[in-house]
Amino acid sequence: MRILVTGAGGQLGRDVVLTFSAAGHSVLGCDRAELDITSQEQCEEVIGRFKPDAVIHCAAYTAVDAAESDIDTAYLVNAVGTRNVTVAAEKIGAKLIYISTDYVFDGHAKQPYQEYDNTDPQSVYGKSKRAGEMMVQSLSSRYFIVRTSWVYGLYGHNFVKTMLRLAQEKQLLQVVNDQKGSPTYTVDLANFLLELSHTEKYGIYHASNSGSCTWYEFTKAILEDGAELAGLTFTARLEPCTTEQFPRPAPRPSNSVLEHLSIRTNGFQDLRHWREGLKDFLRLMKAESNA
């Protein structure tokens, strides 16, 4: 298959390019320099020229707090940009995989969110990503919307790398213990996207690593496994705290856990437990630093 990846310079995009290339597909990875998704002309020219069988749309405005004051840019990228990519993909009959987020929900539910639960985003970021979903649903006839959460990987900045660094620099590390979700390793998500792209089982999917934890519990696992598997030494004492102690411009969901109903009902293999993904990531990180 011929695959075009937007946002190919980002942490998920880079692993998507590597995963699809390793599987023998012809992949064109586009970051902002190669494809400005906010330009409809450029989207139609680049996608029209390459003629992919599927477009994996990873490009997004993801600065959650900045979006609260930079509303126009968030919508320009996440809504208008997604429309441009969707229209160009539809013109050539390509499948479209749109990467979305748990932020399309209100984050207050007691249970994990199912794919068909009502959306109610509370932040500008969440609203702009939901707007992107609506563009995809109304303009594409062959789409997969894949919502994920708490993404980390080898490339780019993320929570795991930040905690590993801070725990080596600080004496005290306070992490919120009243927000729960499912950490998602980019390699596991990319492998699921690869499997999905070979099918015509279109629709909305929730794809995160299995199991759930709070940010504090996640950090505890990061430090335990970082010491054991990566040989790191930490100076920080880890303490739980509340969301109220760290006010942010954008509201954070207290519950980001996604139910994998579509994965099960469509006969796909569920993603492995988040702790297994974390261990593999730390092993790979150590191997890369030793190379």
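**An aromatic cluster and a helix crossing**

Trp150, Tyr152, Phe159, Tyr185, Trp215, Phe218, Trp274 and Phe281 are joined by ring pairs into a cluster; rings of Phe, Tyr and Trp (its six-membered ring) pair if their centres lie within 6.5 Å. The model is predicted, with local features needing pLDDT of at least 70 and side-chain atom pairs counting only at pLDDT 80 or more. Residues are numbered from 1 along each chain, and side-chain values use heavy atoms, without hydrogens and water.

Across the whole structure, 17 aromatic pairs are found. Tyr152 and Tyr185 have ring centres 5.6 Å apart and planes at 10 degrees, so they are stacked (planes under 30 degrees apart; over 60 is edge-to-face and the rest tilted). Both Tyr152 and Tyr185 are buried (under 20% relative accessible area with a 1.4 Å probe, protein chains only; exposed is over 50%, partly exposed in between). Phe159 and Trp215 form a tilted pair, 4.5 Å centre to centre with 50 degrees between the planes. Phe159 is partly exposed at 23% relative accessibility, while Trp215 is buried at 16%.

This second pair links helix H5 to helix H7, its residues being 56 apart; helices are DSSP runs (H or I) of at least four residues, numbered from the N terminus. The axes of H5 (residues 159–169) and H7 (residues 215–230) come within 10 Å and cross at roughly 65 degrees. H5 is therefore roughly perpendicular to H7 (65 to 115 degrees). In contact (heavy atoms within 4.5 Å), Phe159, Val160, Met163, Leu164 and Ala167 of H5 meet Trp215, Phe218, Thr219, Ile222 and Leu223 of H7.

Conventions
Axes fitted to C-alpha atoms, helices over the stretch in contact; angles between N-to-C directions. Helix = DSSP H or I, 4+ residues; strand = E, 2+ residues; numbered from the N terminus. Parallel < 35°, antiparallel > 145°, perpendicular 65-115°, else oblique.
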